[in-house]
Amino acid sequence: MTICDWPHSSELKKRTTTLNLKPGNRSLASKRQAENRSNPTPAETRIMKLLDEIGERYIFEKIFFTEKRFFITDFYFPKPRKVCLEIDGPIHDYRLGYDFARDRYIMNIRDIRAIYRIKNETALSITKEELAELLSTYK
């Protein structure tokens with residue numbers, strides 16, 4: 001199982017949105033969130049199924065707003081955990097610097113304890129026991 005606990009973001013298709021929050025951008029964020037939630041990837045669907053099986057509380061496609069931007073993370077685990085889980089496709093092999101800076105920013109402004117990232121292939125093969133062990137790091 002390949003898991004990295006330093007910050008990254010999610011798949012390029014729609015999740016790495018950073019925009020100046022002008023009037024209407026909040027509604028754009030909500031629209032993106034709704035699109036993402038209605039079209040999960042196979043890897044995201046599998047993780048949701050496993051999280052439901054282990055009874056883990058989560059928010060799928062959580063929006064984090066800053067003064068000028070918004071960021072959407074794949075999975076957010078609220079208090080007491082306060083961690084995020086990102087499922088990464090191959091595009092992220094080429095965006096490590098951006099992903100690292102983005103997630104450090106989210107961690108700092110929203111007091112997130114950790115952002116874990118796993119590759120699509122791992123998400124499709126991880127067991128619920130392995131996922132539960134990963135999340136047990138932060139209780």
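Let's start with Asp88 and Arg117. Their side chains meet in a salt bridge, at 1.9 Å from N to O. Asp88 sits in strand S4, and Arg117 sits in strand S5, residues 114-119. So the pair ties together parts that are 29 residues apart in sequence. Keep in mind that this is a predicted model.

Are these two residues buried or exposed? Both Asp88 and Arg117 are buried.

Now, why would such side chains pair up at all? Side chains of opposite charge can do so when their charged atoms come close.

How many salt bridges does a search of the whole structure find? It finds nine. Let me show you another two.

Take Arg81 and Glu56. They form a salt bridge, and the closest N and O atoms are 2.7 Å apart. Look at where they lie. Arg81 is in the loop between strand S3 (70-77) and strand S4 (83-88). Glu56 is in the loop between helix H2 (42-54) and strand S2 (59-65). So this bridge links loop to loop, and it ties together parts that are 25 residues apart in sequence.

Buried means under 20% relative accessible area. Arg81 has 14%, so it is buried. Glu56 has 16%, so it is buried too.

Next, Arg102 and Asp103. Their side chains meet in a salt bridge, with 2.5 Å from N to O. Again, both Arg102 and Asp103 are buried.

On to the helices. Two packed helices are described by the angle between their axes and the distance between the axes. Here the two are H2 and helix H5, which covers residues 128-135. Their angle is about 75 degrees, and their axes are 10 Å apart. That makes H2 roughly perpendicular to H5.

Which residues meet there? From H2, we have Ile47, Leu50, Leu51, Glu53 and Ile54. From H5, we have Lys128, Leu131, Ala132 and Leu135. Sort the residues of this contact by type, and you get seven nonpolar, two charged and no polar.

You will find it in helix H1, residues 25-38. Asn36 has 0% relative accessibility, so it counts as buried. Now compare Asn36 with Asp74. Along the chain they are 38 residues apart.

To recap: a search of the whole structure gives nine salt bridges, and H2 packs against H5 at about 75 degrees.

How values were computed:
Residues are numbered from 1 along each chain as its sequence is written. This is a predicted model: local features need pLDDT of at least 70, side-chain atom pairs count only at pLDDT 80 or more; totals for chains, interfaces and linings use all residues. Side-chain values use heavy atoms; hydrogens and water are left out. A salt bridge is a side-chain nitrogen of Lys or Arg within 4 Å of a carboxyl oxygen of Asp or Glu. Helices (H or I, at least four residues) and strands (E, at least two) are DSSP runs, numbered from the N terminus. Buried means under 20% relative accessible area, exposed over 50%, partly exposed in between (1.4 Å probe, protein chains only). Axes are lines fitted to C-alpha atoms, for helices over the stretch in contact, and angles run from 0 to 180 degrees between N-to-C directions. Angles under 35 degrees count as roughly parallel, over 145 as roughly antiparallel, 65 to 115 as roughly perpendicular and the rest as oblique. Contact means heavy atoms within 4.5 Å. Ala, Val, Leu, Ile, Met, Phe, Trp, Tyr, Cys and Pro count as nonpolar, Asp, Glu, Lys and Arg as charged, and the others, Gly among them, as polar.
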